[in-house]
Amino acid sequence: MTGAVVGDDLPGRTLLGCNNIIGHHAVVGVKCQDLKYKSGDECFLEVGDNNDIREHTSIHRSSKSSDTTVIGNNNLIMGSCHIAHDCKIGNSIIFANNTLLAGHVVVEDYAHTAGAVVVHQFCHVGSFSFIGGGSVIAQDVPKYMMVAGERAELRGLNLEGLRRHGFTAQEDLDQKPANSLPKNIHAC
């Protein structure tokens with residue numbers, strides 16, 4: 001565990017089972033990266049037994065006291081993976097290098113990812129499924145299925161992001177002069 005950070009000085013707890021291996025510079029059981037987290041809230045991470053958590057992996061605690069981030073048993077979590085707040089990871093799963101799970105993702109037993117996979121928040125990955133390398137998962141993966149591919153297509157406005165920056169439901173980007181838009185939003 002040279003250079004690893006396990007747990008954090010936060011209310012709540014990180015609970016590790018038996019026979020887990022935590023690689024160099026892994027960060028396990030630290031504060032989540034969720035804006036809903038309130039300072040002082042208890043947050044939790046429970047890791048089962050016989051997991052191999054490799055170098056530079058990050059696993060975050062839950063975002064609120066009513067939830068828990070859970071890692072089951074006998075999982076291989078290869079280098080530079082990320083498991084965000086409130087995820088539920090089953091048993092005997094293989095996450096290849098750079099598998100990134102956003103918050104609230106559920107991964108059932110025996111699922112397997114190839115490298116450089118991104119899973120969007122709240123997605124559900126079914127048991128015995130396989131996700132091909134470089135895939136971006138934006139919806140649930142049924143059990144037993146093999147999925148692969150990039151889905152980087154225009155999906156619509158980022159309404160939540162716009163709301164957070166002061167836009168109202170009545171505002172229309174087409175009616176705003178281009179010079180009034182934030183620098184990172186360009187009129188078409």
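## Terms and basis

Helices (H or I, at least four residues) and strands (E, at least two) are DSSP runs, numbered from the N terminus. Two strands pair if DSSP finds at least two bridges between them.

The model is a predicted one, in which local features need pLDDT of at least 70 and side-chain atom pairs count only at pLDDT 80 or more, whereas totals for chains, interfaces and linings use all residues. Residues are numbered from 1 along each chain as its sequence is written, and side-chain values use heavy atoms, with hydrogens and water left out.

## The chain as a whole

The chain contains 1 helix and 20 strands. It has 188 residues, of which 38% count as buried; buried means under 20% relative accessible area, exposed means over 50%, and partly exposed lies in between (1.4 Å probe, protein chains only).

Among contacts in the chain with a separation of 6 or more, 29% are between residues 24 or more positions apart; contact means heavy atoms within 4.5 Å.

Strands of a sheet pair through backbone hydrogen bonds, either parallel or antiparallel. Here, 7 strands form an open sheet with parallel pairing, in the order S3-S6-S9-S12-S15-S18-S20. The edges are taken by strand S3 (21–22) and S20; each has a single partner strand, so one side of each is left without a neighbour in the sheet.

Within this order, strand S9 (residues 76–77) and strand S12 (residues 94–95) run parallel and are joined by 2 bridges. Ile77 stands opposite Phe95 in S12.

## Strands S1, S4 and S7

Strand S4 (residues 27–30) pairs in the parallel sense with strand S1 (residues 5–6) over 2 bridges. Val5 is placed opposite Val27 in S4. S4 also pairs with strand S7 (residues 58–60), again in the parallel sense, over 3 bridges. Val30 has His60 in S7 as its bridge partner.

Ser58 belongs to strand S7. Its relative accessibility is 17%, and Ser58 therefore counts as buried. With its neighbours within four places in sequence left aside, Ser58 is in contact with Val27, Cys81, His82 and Ile83.

Tyr110, Phe128, Tyr144 and Met145 make a nonpolar surface patch of about 470 Å². Patches are made of residues with over 30% relative accessible area and no salt bridge; like charges are joined within 9 Å, and nonpolar side chains (Val, Leu, Ile, Met, Phe, Trp, Tyr) within 5 Å.

Met145 lies in the loop between strand S19 (136–137) and strand S20 (146–147). With a relative accessible area of 41%, Met145 is partly exposed.

A disulfide is a covalent bond between the sulfur atoms of two cysteines. The criterion applied is a pair of cysteine sulfur atoms within 2.5 Å, and the structure holds 0 disulfides. For Cys43, the closest cysteine sulfur is that of Cys32, at 6.4 Å, which is too far for a bond. Cys43 counts as buried, at 0% relative accessibility.

## Salt bridges

Side chains of opposite charge can pair when their charged atoms come close. The structure holds 4 salt bridges, a salt bridge being a side-chain nitrogen of Lys or Arg within 4 Å of a carboxyl oxygen of Asp or Glu. One of them joins Glu46 and Arg13, whose closest N and O atoms are 3.3 Å apart. This pair links distant parts of the chain, since Glu46 is in strand S5 (residues 43–47) and Arg13 in strand S2 (residues 12–16), 33 residues apart. Glu46 is partly exposed at 29% relative accessible area, and Arg13 is partly exposed at 39%.

Asp34 forms a salt bridge with Lys36, with 3.2 Å between the closest N and O atoms. Asp34 counts as buried at 13% relative accessibility, whereas Lys36 counts as exposed at 53%. Glu55 and Arg54 also meet in a salt bridge through their side chains (3.3 Å, N to O). Glu55 is partly exposed, with a relative accessible area of 27%, and Arg54 counts as partly exposed at 35%.

How values were computed
Accessible areas come from the Shrake-Rupley method with a 1.4 Å probe; for residues, only the protein chains shown count as cover.
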